[in-house]
Every structure is written in structure tokens, then in C-alpha cells.
Amino acid sequence: MSILDSKIPEGPLAQKWSKHKADIKVVSPANKRKLDVIVVGTGLAGASAAASLGELGYNVKVFCISDSPRRAHSIAAQGGINAAKNYQNDNDSVYRLFYDTIKGGDYRAREANVYRLAEVSNSIIDQCVAQGVPFARDYGGLLDNRSFGGAQVSRTFYARGQTGQQLLLGAYAALNRQIKKGSVKSYPRHEMLDVVLIDGKARGIITRNLVTGEIERHGAHAVLICSGGYGNVFFLSTNAMNSNGSAAWQCYKKGAMFANPCFTQIHPTCIPKHGEQQSKLTLMSESLRNDGRIWVPKKKEDVEAVRSGAKKPSQIPEEDRDYYLERRYPAFGNLVPRDVASRAAKERCDAGFGVNETGLAVFLDFSTAIARLGKEVIAQRYGNLFQMYEKIVDVNPYEEPMMIYPAVHYTMGGIWVDYNLMTTIPGLYALGEANFSDHGANRLGASALMQGLADGYFVIPYTLGDYLSHDIQTPKIDTNHPAFAEAEKAVLDKINKLFSINGKRSVDDLHKALGNIMWEYVGMARTKESLEKAIVEIQKLRKEFWTNVRVPGKEGEFNQEIEKALRVADFMEMGELMARDALNRNESCGGHFREEFQTPEGEALRDDDHYAYVAVWEYKGPDQEPELHKEELRFDTVHLAQRNYKD
């Protein structure tokens with residue numbers, strides 16, 4: 001019998017969530033006041049969860065790595081949030097959103113979780129409108145929608161090109177209300193360094209005050225990890241430099257299994273890399289693919305002329321442009337899913353048609369839309385994105401096409417959770433991008449905001465109560481318990497070891513070296529040979545890190561170098577697990593593309609007979625190979641099929 005129990009309710013798919021809510025236990029209002037909950041992270045998942053649990057009456061402690069929850073990386077989401085309201089009357093429905101998400105994830109997600117996500121999506125929009133989120137509206141005053149990749153209907157609600165920021169401000173306002181009421185206590189500039197287990201249950205965390213350097217103990221009856229993904233393993237990504245996977249990784253090393261780590265999303269519309277000193281990449285919203293058309297020149301001489309500056313892109317005649325997504329995928333055109341669009345761009349650039357000096361860029365052109373709709377309409381829809389592009393690149397996208405290229409963006413893998421969002425450690429939950437549960441092998445655009453808010457507003461308030469209903473007689477957690485002392489000592493020993501190495505290479509230098517290995521061998525396309533090489537190279541680099549890193553300063557003070565060193569130490573281990581997971585999965589699916597497994601047309605070739613499962617990895621100790629467990633995926637409603645975006 002598998003040690004993985006997904007706790008998916010029985011019954012018809014459309015009734016599972018409502019039946020489950022009716023069956024699970026609840027905690028009375030008087031008893032909620034006796035229970036403490038820790039929330040790690042204040043992005044959309046963390047802020048919405050902390051606000052909701054505080055409103056219910058729990059005593060909540062919320063920990064924020066930045067100086068304010070408003071600086072969580074959720075603000076960087078630009079394009080929109082999905083919901084199945086069918087405002088456009090274009091035949092959208094909860095089922096169609098569910099189906100598009102399952103198909104977009106290349107049939108590597110649980111049906112039950114994805115259907116629940118689609119089911120609660122409409123409530124998210126109502127909640128956010130009530131909070132005052134300024135969604136775009138049409139001429140009649142109704143909420144407007146636009147299209148995103150992987151869908152043939154308009155279901156994406158948006159606030160220009162800053163949807164994530166506006167949604168986070170709504171959640172932040174709700175959170176602030178609870179902080180004012182006293183039901184939530186906020187700890188800004190604190191980073192979780194370990195989770196504390198007592199009798200096998202999550203009972204608290206060890207944190208570092210990032211201003212003073214002080215190590216602190218915090219106890220609770222349950223711990224929620226809402227700390228985002230691990231895309232910065234690649235060094236260059238669209239993630240903020242502060243974004244990291246360390247909180248989730250400490251949970252993994254304490255027994256919370258990690259699922260599908262190789263499922264990393266490459267976003268197709270990012271500003272191309274421009275130098276060796278760059279610290280991150282800039283995302284240009286996928287919403288731009290609504291009105292922008294992606295192309296490269298048909299003729300190599302035009303490519304060379306553009307690269308040399310002898311010819312402007314706008315000077316290339318229409319008949320000499322290859323709108324390759326429209327050519328290859330006529331049904332979806334420029335709105336194919338992100339993994340498909342990314343690989344298509346790579347294919348054109350590999351064939352020698354890349355349009356910038358490095359040969360790693362394609363055009364995203366708005367001239368057709370401007371001619372059809374007028375510049376004013378395009379400015380209303382995307383004006384802040386156009387301004388951002390011009391400030392970075394010094395090219396006016398109203399007059400010349402944008403240059404874009406794929407970049408690491410989102411991680412579909414994460415801590416394994418059951419239907420209740422609980423990990424394999426009782427009392428430890430994972431929400432949002434920190435868990436693996438809803439996106440399969442590829443996340444559709446505008447679904448990250450949907451999942452984070454669904455988990456925080458509409459799932460965890462129910463499922464956490466079911467667990468805590470058995471804990472109401474448990475007194476407040478005593479942080480003097482030996483388990484806290486042991487965890488704190490382990491944290492301090494690790495910090496002191498990093499300071500004591502006093503080597504010659506900076507943390508950033510070693511992080512860049514890891515990023516180069518990851519992008520070269522575990523990036524957009526992978527092979528058995530490249531993955532085996534990556535594992536060897538990462539192991540060598542990890543040894544170099546622990547013998548030759550230099551961390552200046554000292555403990556017990558403000559020190560960003562030790563912050564980075566602790567995170568990069570975890571990245572070294574995460575990168576190896578990602579490569580192992582990719583090596584184990586002898587198929588291509590979604591964002592995981594093994595060059596050995598592709599169709600004659602160059603599309604991802606799944607092996608449903610052998611790999612229709614969630615790959616769940618168990619930590620077995622330092623320098624030990626992790627153990628693989630499998631959660632078999634059942635498809636009772638959607639039939640497994642090769643993805644087709646051509647007709």
C-alpha cells in the first residue's frame with residue numbers, strides 16, 4: 001500500500017468538494033480562539049489564508065521575508081486571473097475551465113483538485129470585487145475579459161498589466177484589518193529557516209530576523225507554507241531575487257515529500273538576456289499575445305540585416321514574415337500554451353532565425369492590432385507594459401515590434417499535498433506555488449493567481465478546521481521543548497559553518513555557476529546525457545560551495561550575504577533533485593521536454609502507460625539518493641489524448 005493518501009473524496013467529480021465540506025469536521029468559534037496557526041509567506045496564498053483564518057477567529061502569526069506584504073512577488077503577475085463566469089457568452093463553463101487546465105497541464109494533474117479550482121474560481125472574482133480590486137470594465141460597466149494561452153474563450157479578468165499587484169493589495173487590506181483587530185500578528189523581515197516537529201506533527205518554525213540577525217522560535221498548532229516556488233535555482237529567471245524555495249526545502253528535509261520537481265515553466269514572452277551582469281529577467285505579460293503577433297523573418301538575409309541594424313523590423317514586408325505560431329497551430333495561433341510557444345520560439349532561433357545580436361529573440365508585433373483598433377485602445381489595454389518595455393530596451397513598441405525570448409518563470413512542482421492541502425507531515429500545509437497540486441506539467445497563464453487565492457480564501461479555511469478539530473485540547477505549544485532547541489542549534493551550526501569556510505568565491509558567483517548548469521542541461525530541452533552530466537556537475541559545484549564560499553560579515557547582524565548563502569546552499573540540492581526527476585521521467589510532457597521523446601512534428605510525446613503518475617520524492621539523508629514514490633493519476637472524466645492545438 002502506498003504511503004501517499006491523496007484523500008480525494010468519492011462520488012461524481014462535480015460533487016466531490018461540496019460533499020467533502022459537508023463531511024469534514026469544524027471548530028467552534030470559541031475553540032478557534034484557543035488555536036494558533038503560523039503562515040509563512042504573504043503573497044496571494046499567504047495573505048489570503050492569514051486574513052481568512054484571522055477572520056474566522058484563529059490566532060495567526062504571519063511571516064514576511066520583505067519589509068511589507070505588498071512586496072511579495074505576487075505583485076509581478078501582470079496579465080490576469082481566470083474564472084468561468086462566461087461574461088462573454090462564448091460558451092465558457094466550470095467544466096471547460098477544468099478541461100483546459102487538465103489539457104494545458106498535459107494530463108499530469110489530479111482531476112479532483114483541478115475541478116475544485118475551476119469550481120471556486122467565480123467566488124474569487126466576487127471576493128476581489130467586494131474588496132475594491134479595480135478590474136477592467138467594458139463600455140457598459142461590466143467586468144471585462146481577455147484571452148490567454150491554452151483557451152479559446154475569454155475568461156481572464158485583469159487590471160491593465162498589474163493584476164497581481166491589485167489582487168495583492170486587496171488581500172493585504174483584508175490582512176491589515178485582521179492585524180488591526182489583533183487576530184493576526186505580523187512579522188515582516190523574518191525568514192523561516194526550519195520547521196519544528198513534535199511527535200511527528202508540525203508545531204512551529206525557527207526564523208531569522210533579517211534586520212537584527214536574531215534567531216527566534218515560534219510555536220503553533222499548524223504551519224502553512226505559502227512561500228512560492230523555486231525558479232531561482234536557475235539564477236536568471238523572472239522571479240524577484242528574494243524569491244527562493246528554502247522554506248519548502250526545509251520541510252522536505254524534515255519529511256514532507258516533494259512532488260514533480262522537474263516540472264518548470266518556461267515563459268515565452270520575456271525580454272531577452274542582454275549581458276553577463278544581469279541579475280534577473282523581465283516578464284512581458286502573456287496577455288500581450290491577445291493582440292500581438294509573433295514572427296521571425298522568412299529570409300536569412302533579413303535576419304542578418306535586422307541583427308546588424310541595417311534594417312528595422314517594421315521595414316520587412318508582410319509577405320516576408322513567418323508568423324510561425326499561426327502557421328503551425330491554426331486553431332489557437334498566438335494563444336497556444338506557454339510550453340508550446342516557448343519551444344516553437346527555441347526551434348526558430350535554433351534554426352538561425354533569431355533576430356537579436358545573440359540570435360535568441362523573436363518579434364512580438366502590435367502593428368496589426370494598432371491598425372485594427374487604434375493606438376488608444378492598445379494603450380488602454382497594455383500601456384504600462386509598453387512603457388516598461390521602452391524603459392528597459394529603449395525601443396517604442398508602438399512603432400517597432402518587441403523582442404522576446406523564453407525564460408524560467410514558474411515551478412509547477414512543489415511540496416506534495418493531499419486534497420486538504422496537507423503535506424506528508426501532519427499539521428503542515430502548503431498553498432499556492434509552494435505545492436504541486438493543480439497545474440500538472442504546465443501552468444496555463446492567469447492560473448497562478450487563481451490557485452493562490454483559491455487555496456487561501458476558499459480551501460484552507462475548511463480543511464484546516466478538519467485537522468484542528470482534533471487539537472482543541474492541545475495547549476499552546478511550548479517553544480522551550482527540546483525539539484525547538486534542537487532545530488535552533490542545527491540552524492546556528494549551519495550558519496556558523498558557512499561563515500567559517502572563508503573561501504574565495506562569492507555566493508553570487510557560485511549561484512551563477514549553478515544557473516548555467518541548470519539552463520544548459522536541465523532547461524528548455526533535456527536529454528538523458530545532459531541530465532546525467534548535470535547531476536555530476538551539480539555535485540561537484542556543491543562540494544566547491546561548501547569548501548570555497550566566502551560569506552563576509554558575521555552572525556547576529558543585518559547580513560544579506562548569509563541570507564543568500566543559506567538559500568543557494570538549498571538551491572544546490574534542489575537542482576540535483578530536479579535533474580534526477582527529469583532523468584527518471586522518460587517522456588515529454590508540458591514543460592518537461594526530453595528530446596528523445598517527441599512526435600515527428602516536434603511536439604511533446606507522453607508515455608501514459610508508464611508515467612501517468614505524480615513523482616513524489618522522499619528525503620533519505622545527506623548525500624543519499626532520495627526515494628521515489630508514485631501517486632497514480634486516474635482520469636475518470638477526461639480521456640487521455642495527445643494535446644492538439646492545431647484544429
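Analyst: We can start with a helix pair, taking contact to mean heavy atoms within 4.5 Å: Thr 163, Gly 164, Leu 167, Gly 170 and Ala 171 in helix 6 meet Leu 449, Leu 453 and Tyr 457 in helix 13. By class, this contact of helix 6 with helix 13 has 5 nonpolar, 3 polar and no charged residues, where Ala, Val, Leu, Ile, Met, Phe, Trp, Tyr, Cys and Pro count as nonpolar, Asp, Glu, Lys and Arg as charged, and the others, Gly among them, as polar. This is a predicted model, in which local features need pLDDT of at least 70 and side-chain atom pairs count only at pLDDT 80 or more, while totals for chains, interfaces and linings use all residues. Residues are numbered from 1 along each chain as its sequence is written, and side-chain values use heavy atoms, with hydrogens and water left out.

User: At what angle do helix 6 and helix 13 pack?

Analyst: Axes are lines fitted to C-alpha atoms, for helices over the stretch in contact, and angles run from 0 to 180 degrees between N-to-C directions. Helix 6 (residues 163-181) and helix 13 (residues 448-468) pack at about 10°, with their axes 11 Å apart. That makes helix 6 roughly parallel to helix 13, the term for angles under 35 degrees.

User: How should I read the side chains of a strand, and which way do those of strand 9 point?

Analyst: In a regular strand the side chains alternate between the two faces of the sheet. In strand 9 (residues 222-225), Ala 222 and Leu 224 point one way and Val 223 and Ile 225 the other way, and all are buried, meaning under 20% relative accessible area with a 1.4 Å probe and protein chains only.

User: Which strands pair with strand 9?

Analyst: Two strands pair if DSSP finds at least two bridges between them. Strand 1 (residues 36-40) pairs with strand 9 in the parallel sense over 4 bridges, with Val 37 standing opposite Ala 222. Strand 17 (residues 428-430) also pairs with strand 9 in the parallel sense, over 3 bridges, and there Ile 225 stands opposite Ala 430.

User: Where does Met 403 lie, and what does it touch?

Analyst: Met 403 lies in strand 15 (residues 402-411) and, at 23% relative accessibility, counts as partly exposed. Not counting residues up to four places away in sequence, Met 403 touches several residues, among them Cys 270, Pro 272, Phe 363 and Tyr 389. Val 362 is 41 residues from Met 403 in sequence, yet 5.5 Å away in space, C-alpha to C-alpha.

Note on methods. Helix = DSSP H or I, 4+ residues; strand = E, 2+ residues; numbered from the N terminus. Parallel < 35°, antiparallel > 145°, perpendicular 65-115°, else oblique. Buried < 20%, exposed > 50% of the residue type's maximum accessible area, 1.4 Å probe, protein only.
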